[in-house]
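This report describes the fold of one protein chain and the surroundings of its ligand. The structure is shown first, and the description follows.

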Amino acid sequence: MEKVIITAAVVGAEITKEDTPYLPTTPDEIAIDVEKAAKAGAAIVHLHVRDKEGRPTQDKKIFEETIKKIRERVDIIIQVSTGGAVGMTPEERIQPVTLNPEMATLTTGTVNFGDEVFLNKPEDIRSFAKELKKYGVRAEFEIFDVGMIFNAMRLVNEGLVEGHLHFDFVMGVPGGIPATAKHLLHLIDHLPKGATWSVAGIGRHQLPMAMLALPLGGHVRVGLEDNIYYKKGVLAKSNSELVARVVRLAEELGREVATPKEARKILGLTS
Ligand code: KMH
Ligand code: ZN
C-alpha cells in the first residue's frame, strides 16, 4: 500500500486559546509547532493564521511571515486555507494563494457549519479554482458532503483544475456528512480513478476516522483545528502529539509514513 501522508491542521479558524492553551496563534508559535509536527511525521501543514488579537485572518502579510518562519525551520508541504473563517469575503479568503504555496484548499460547495453557514457560491468556487491555476497551486478539495465531489469534477471537466486530484473528506461537522465508516466508503466510492484522499474527522471522530483511513489506503489529517482532545476530557498538549499517535497506528498496521518529498511524489507536486 502507498505510504500514508499525514496532514497537520495546526491552527484553524474556530478554536481559541480559551478552548485550549496549546493552540499556536502567532507566526513564531505556529512555526515552532509545525516543526514539531513535521518531526513527528507530518508531511503537509494545513495552514490558517491569526491576527495579533488571535482572531482568524487571511492577511497575506501574516501568511507570508508565518510561511517564512516555517520554511526557516523545516521542510514541509504548505497548504494554505482558502476557507478562512465563516463570514469572510472571497476576496479576503483567496489572499494567501498569491504567495505561490505548493497547495491550497478548495471547498466545492456550501455547508451548514454548526449554527452558521460556510458559504461557497458556484461563481466563487470557479474564481478560486482559476486563481489556484494562475498561481500554479495544487488544490486539495475539501469535501464536507458527497455532492461536493461532483462539484469538484465539474471544475475538472471545465478545465479549471488540472493534474493529480486530491480530496480531503471533512467528516463530522454538524451540518455536513456524519463521520461513519459507511459514509466514508460511500465517499471513496464516488472518487474519480487515480485520485487520492485523506480524511479529517472532527472532534471525537478524529481518531476513529484516522484509524479507518489507514487500512483503506487513505491519508490522514489530524490537528487542533479539528480536535483539541487527546482522549475524552484530556486536552492534546500539541499538534505533534496527535500526529505521533497516527504514526504509531500506521506502523502497527504496516503503513509507512511519507516524508514531504515522498508526499510530493504521491500528489504529483514534483515532475
Ligand atoms: N474554517 C472553516 C469555515 C479550509 O480551511 O479550507 C473552513 C475551513 C476549510 O477551515
Ligand atoms: Zn481549515
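Strand E2 (residues 44-47) pairs with strand E5 (residues 77-80) in the parallel sense over 4 bridges; strands count as paired if DSSP finds at least two bridges between them. Within this pairing, Val45 has Ile78 of E5 as its bridge partner. The model is predicted: local features need pLDDT of at least 70, side-chain atom pairs count only at pLDDT 80 or more, and totals for chains, interfaces and linings use all residues. Residues are numbered from 1 along each chain as its sequence is written, while chains are lettered from A and ligands numbered from 1 in the order in which they are written.

Both strands belong to a barrel of 8 strands, closed in the order E1-E2-E5-E6-E9-E10-E11-E12 with parallel pairing. On average, neighbouring strands of this sheet are turned by 25° against each other, direction ignored. Helices (H or I, at least four residues) and strands (E, at least two) are DSSP runs numbered from the N terminus.

Helix H7 (residues 206-216) packs on the sheet, and its direction makes about 160° with that of E11. Axes are lines fitted to C-alpha atoms, for helices over the stretch in contact, and angles run from 0 to 180 degrees between N-to-C directions. The strands touched by H7 are tabulated below.

| Strand touched by H7 | Residues |
|---|---|
| E10 | 166-171 |
| E11 | 196-201 |
| E12 | 219-222 |

The axes of helix H1 (residues 27-40) and helix H8 (residues 239-252) come within 8 Å and cross at roughly 10°. H1 is therefore roughly parallel to H8, a term for angles under 35 degrees. Asp33, Lys36, Ala37 and Ala40 of H1 meet Asn239, Ser240, Val243, Ala244 and Val247 of H8; contact requires C-beta atoms, placed from the backbone, within 7 Å.

Ligand 1 is surrounded by residues including Gly12, Ser81, Thr105, Phe113 and Glu142, where a residue is near if its C-beta atom, placed from the backbone, lies within 6 Å.

Overall, the secondary structure of the chain comes to 9 helices and 14 strands. Along its principal axes, the C-alpha trace spans about 45 × 40 × 40 Å.

Key. Two residues are in contact if their C-beta atoms, placed from the backbone, lie within 7 Å. Angles under 35 degrees count as roughly parallel, over 145 as roughly antiparallel, 65 to 115 as roughly perpendicular and the rest as oblique.
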